[in-house]
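Please work through the following exercises with the sequence and the model at hand. Each task is followed by a worked solution.

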Amino acid sequence: MTRLHRGTVVCVSERAPSTALLTDHYELTMLQAALQAGTARRRAVFELFPRRLPEGRRYGVVGGVGRALDTIARFRFDDEVLGVLDEGRVVDEQTLSWLADHEFTGDVWGYPEGEVYLPYSPLVVVEGTFAEAVLLETVLLSIYNHDSAIASAASRMTWAADGRPCIEMGSRRTHEEAAVAAARAAYVAGFEATSNLAARQRHGIPTTGTSAHSFTLLHDTERDAFTAQVSSLGRGTTLLIDTYDIAEAVRTAVEVAGPELGAVRIDSGDLGLLAHEVRAQLDALGARETKIVVTSDLDEYAIAALAAAPVDGYGVGTQLVTGSGHPTSGFVYKLVAREGDDGELVPVAKKSKDKASVGGRKYALRRRDRDGVAEAEVIGIGTPPVDDGDDRELLVPLVRDGVVVGEEPLAASRERHLSSREELPLQARMLSKGQPVIPTIHLG
């Protein structure tokens, strides 16, 4: 790790912390029982998938893949972790000994980050021994359920924005670590920047920000506040104009910064009406290039409603980091095949009412017509479905023999999301409640 101290680079060797305790107690008690029964080393296939989309949604977006791969790479039971388990008598000595030597040696396939998904899409396929595959259940569900919920909401918002930039600014509305993950997921789904500096540090996401109402209230007059901000940050800054009277604030802003003023931000009131009034006033004052940014509990519906307003950008907070009404994706992680007495994989499935799973190892492709428009999510059970020439395989290798092979830059995930979303039928853009935009077909 490299730290900067007033221009001096100081190198500090520091091992990344273990992620092994980001799990549920029962994962380890299942392991203990399986070790005693002699079944822990049976080859097994687990799959992470959604039984359905959140109510009314037409598609979902895969988020968190990069974070999951980093977590798998750091999933180890070191002395500190083993000490916690021993002190709490979570598992017995035999299990502690097994965990001390544990390394994930299996394989993981999955939908790459930014990809669109549908009901029963096999988003992650984990193959290894039961012992090593079951241990990943909780942390994979935690990451994928959160990040995919944010990415799915962000995708709807950026589509509604229709090319106008969206900025993620929800850090103060969620857990501090969830805020960083949310900024990352939103960036994958097309947001241009975030207000969160930790997201910049960890993931290289562009950050932006200027001032809040408190900065204006700190000064004796609004003019004093604008003068201080422009003097420090330059004429290209964004001035917040709804602390007092908006029309007066616009006049003062242009007087202070001149027609070169970068942008003004409106954070309250009837945003559509105010945007029209502010645009007309800015133009009359000669600030024709000054942009208008709006904030204030926006979601995809509010953004769509502002399509005809002279708005140049959106700052989105609460609704984004809470998944716009769907804060989790509803993914599950189920055993779908295990080694039989003959050494071959045997399909297994849960038959519970309303919570059934489909047994057998899955393969997936996106069936497309000759124009490249998606027609169906085709899931092969046991064997890959046949590509008719226009289709696209969806599962890619993420981990091979315990080694992470699926890492990629966020830019690749952003590009993938745009292309994956564009191949959906036009109905996918509709914000009204509806069924999945394409059907899921199981073969085999």
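Predicted model: local features only at pLDDT ≥ 70, side-chain atom pairs only at ≥ 80, totals over all residues.

**Exercise 1.** Determine what end-to-end span helix α6 should have, and check it against the model.

Solution. Helix α6 covers residues 137–161, which is 25 residues. The expected span is 1.5 Å times one less than the number of residues. This gives 36 Å for α6, and its end C-alpha atoms are 36 Å apart, so expectation and model agree. After α6 comes D162, which has a positive phi near 55°.

**Exercise 2.** Locate the largest pocket relative to domain 1 and domain 2.

Solution. The largest pocket holds about 920 Å³ of space. It has 35 lining residues, with R67, D70, T71, R74 and H203 closest to its centre. Helix α2 supplies the largest share of the lining, 6 residues. Domain 1 (25–151 + 326–442) and domain 2 (162–322) both contribute lining residues, so the pocket lies between them.

**Exercise 3.** Describe the lining of the second largest pocket by residue class.

Solution. This pocket has a volume of about 750 Å³. Its lining comprises 27 residues, and M169, R172, R265, D267 and T295 lie nearest the centre. By class, 7 are nonpolar, 15 polar and 5 charged. For the largest pocket, the corresponding numbers are 15 nonpolar, 9 polar and 11 charged.

How values were computed
Residues numbered from 1 in each chain as written. Heavy atoms only, no water. Helix = DSSP H or I, 4+ residues; strand = E, 2+ residues; numbered from the N terminus. 1 Å grid on protein atoms, 1.4 Å probe; cavity = no way out; pocket = protein on both sides within 12 Å on 5 of 7 lines; lining within 4 Å. Points joined across faces, edges and corners; volume = space filled by probe spheres on them. Nonpolar A, V, L, I, M, F, W, Y, C, P; charged D, E, K, R; others polar. Domains from an automatic or database assignment.
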